[in-house]
Amino acid sequence: MKLPVKFVVALAGVAALAAASVVCVVQAKANSPERQAADAAVAVDSSGQVALGEQGRLLFRNGAPGPGYGNVASVPVSDPGGPRRISSLACERFYTAANGGLCLAKDSTPMAGAVARFVDAALGEVKRVDVPGIPNRAKLSPGGRMGSWTTFVTGDSYSTPGTFSTRTAIMDRELNELSSNIEGIPLRIGDVPHRGEDVNYWGVTFASDERTFYATVATGGRTYLVQGDNTAWNARTLRENAECPSLSPDGKKLAFKKRVAEGDVNPWREHVLDLATMRETPLAETRSVDDQVVWLDNDTIGYSLPRGDGKESDIWAVPADGSGAARLLVPLASSPSVTGGSG
Amino acid sequence: MNRMVKPGTAAIAAIVLLAQPVIASSAAAGPVESLLSVNKRTTTSTVENESFSGALAVDGDSTTRWASLEGDPQWIAVDLGGPADISRIKVFWESAHAKDYQVQASDDGQNWRDVKTVVGSDGGLDEFTDLNTSARHVRIFGTARATVYGYSLWELEVYGVRTGDGDIQPPSVPSGLRQASSTTESITLGWNPASDNVGVVEYEILRNGNVIGRSATTSYTDTSLASGFDFQYAVRARDAAGNLSGSTAAVKASTRPTPSDGIVIALAGDIAKPELPSEHSRTAELVAKIEPRYVLTVGDNQYVDGTIEEFRSYYDKTWGKFKKITKPTPGNHEWNNELAGYKQYFGKIATPKGKPYYSFDVGAFHFVALDSDPVYNGGGAEQVAWLRKDLAKTKKSCIAGYWHHPRFNSGNSGDAKSVAPLWNELARAKADVVFAGHDHHYERTKPLDVDGHVDEANGVRSVIAGIGGDSLYLDYKAREGVEKILGKHGVMKLVLKGKTYSWEIIGTNGELLDKAGPYRCR
């Protein structure tokens, strides 16, 4: 058995672990906001359903207080500040691609658990996978065949003090093949086969060939950007200090968060890596983005940022070439993705 | 502070803890102390999750526990239900124990006074005697933790004499406890009724020191036990007010042995962890009881690195007794040491043909014992080629494989695609079953195809038995095809009869955890 030694961090709790930006942020749930009165400032569009087959929609997790809090919602990409349609599907993370969706939700079982739901265009469940841990990340490949998710897990054994870990899974819908923990993938660091007891993956993004993926791997106290092949089942590191990668629709660039400061105070700066030259470009967003961002199109990055008190977050956009400035897209929202030809 | 146990010897120590007879609080004639806290209402500062509630620290079951969230302070309080003269308190910590804490008492559950202050506890069992304090509530108030985790408590026991109004008199101790009858899997106990000033409402039955059941009558049938095992039973009585009698002296009872006309094999993996000597010692006792012809191991025989020093210090003292009949396979932990310690310890047994993989025949069965670590890490082509040749040669009707890394797995590691070359060779040879370890739980599946989907006609059964002694991992999620899954320490008793096979999983307390088969070879 591999030791569940992952991050050696002494933290005050699992919630603190998430908030401490060890990996991509988990959206903290306020005190039952779904029971609060609806926010009058957030307009709701009751004229239509949330439909993943409808092009030009920005999907997200609704963070506006009221009955639809935590549910998948959508707005037109052309009018992201406009009235939102809110579904009844509750997710901690949601991602849409190829007229389908992947919803990573909390499970209602007594043990800390999550459930990964693949849904059709009408948000109906087509495949369900029970997952241990606390929801953190979820993403589909551009063609919708490959799904991947990351959860935080804490071992049931207390025999190895001070350890926390993530669990990252890849589901191949076409082969109906689930790799519930990809830590076993043969890994090379540079050219050297790595037999680490402590490897830990998070934040997978798939290419359009439905087999190549990028992710973050941590081992030996370092984090690397890793490129994997889900068919050949091997992986190799590309560089250090590039977490939560997100591949551009044209497959040429990776957006990622780079650690620019030690500790928990504003540690991240979002960058874009050109895979041909391996040159990185810092984006105009200077706030610390702790998210696995998405590409709204080949030129624009979307991401969620917590507000001052950390309980609520908004979706922002920034040009992918380092120019311009960040702009607010959707208030009280997180976990963005778009329908229609974008990954 | 009386540290009676080392961390990790939980179950053994718990038996000591709970099986101690209730003794008089003083030599002088007077009220007899009894256990006041069992199943009483608890309150806690926090719980880690619903599976670790405060009630589990006063349930008389030392395999369940309360666990708090991280942070200081944290506390657990028990309401004894009425005032009492408290004579003795036992605090049995899990390995995530308090370093500094207070034992507190209160009459109203609001205002607390310190009864004892503990600084620098080393965990295990802390027992406080001669307390002579009157209170209705007792609280363990942790101010500093020994680990980065929360506070975790197997059991909290408060002993004393009730002093309040109403019924404060416990029932008499039941008498005449005896084994009334038994089968190969069950034991029926009988006893004489206890008396009480108001009335006995039920009896609690303890097996090997832990409450395992309740009965409103004077008999109880304990089921799902391994055959041919001995158990120690005791019984105590409870009245409507919750007063609990002392326990009877322990009585030995036994299940009937199973007549076996087959070939018996013991199997487990993930065995000798230096920090948990009691667990592999107990699984080794099971192996001895099973009286196998062979012992098969599915890797990680010795932690942490499988050095010769570690093998000699731990494995050799327990499972080493069966070395001559052992047919081992190595795991990733032996590979930490490049198999040097493993090969030196087992000698020719581990490498009959010079390699750490080999095959042998038992009755109608052909066994292949493989070294999965190199394959798991993307190599091992030479072994796969050997395996294909070996399987092509065998004339046996039944084929079983065993190695460390499971191809299909509901546990922590999940399915391992890199092990497919081994599984696929077994599938091609129409093998019947594959045994593995690596994740520390037990599971068995219906026959699976090469992609891990159920194929009753042409699949291979997948079994994980990484329950030989290392810490259990309970965060499994049953995958497709799983027929049984559980997380307890134990050993597989595999029985081969002609061209059929079956097995039982026997837990370290002698419970029959699972029965599988008989299956006919395909």
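How many Å apart do the C-alpha centres of domain 1 of chain B and domain 2 of chain B lie? They lie 25 Å apart. This is a predicted model: local features need pLDDT of at least 70, side-chain atom pairs count only at pLDDT 80 or more, and totals for chains, interfaces and linings use all residues. Residues are numbered from 1 along each chain as its sequence is written, while chains are lettered from A and ligands numbered from 1 in the order in which they are written.

**Chain B overall**

- Chain B has eight helices and 29 strands. Helices (H or I, at least four residues) and strands (E, at least two) are DSSP runs, numbered from the N terminus.
- The C-alpha trace of chain B spans about 80 × 50 × 40 Å along its principal axes.
- In chain B, 54% of the 522 residues are buried. Buried means that 20 or more other C-beta atoms, placed from the backbone, lie within 10 Å of the residue's own.

**Domains and core**

- Chain B is assigned domain 1 (10–162), domain 2 (175–254) and domain 3 (263–520). These bounds come from an automatic or database domain assignment.
- The largest nonpolar core has 87 residues, and L267(B), Y402(B), V434(B), F435(B), A465(B) and M492(B) touch the most other members. Such a core is a set of buried Ala, Val, Leu, Ile, Met, Phe, Trp, Tyr and Cys residues joined through C-beta atoms within 7 Å.
- At least three residues of this core come from each of domain 2 (175–254) and domain 3 (263–520) of chain B.
- Another core, of 81 residues, lies apart from it; its members include A138(A), M146(A), L254(A) and A317(A).

**A sheet in chain A**

- Six strands of chain A form an open sheet with mixed pairing, in the order 14-13-18-17-16-15. Two strands pair if DSSP finds at least two bridges between them.
- Strand 14 (192–194) and strand 15 (200–206) of chain A stand at the edges with a single partner strand each, so one side of each has no neighbour in the sheet.
- Strand 15 of chain A runs antiparallel to strand 16 (residues 212–219) of chain A, and five bridges join them.
- Opposite N200(A) stands A218(A), in strand 16 of chain A.

Key. Buried ≥ 20, exposed ≤ 12 C-beta atoms within 10 Å, placed from the backbone.
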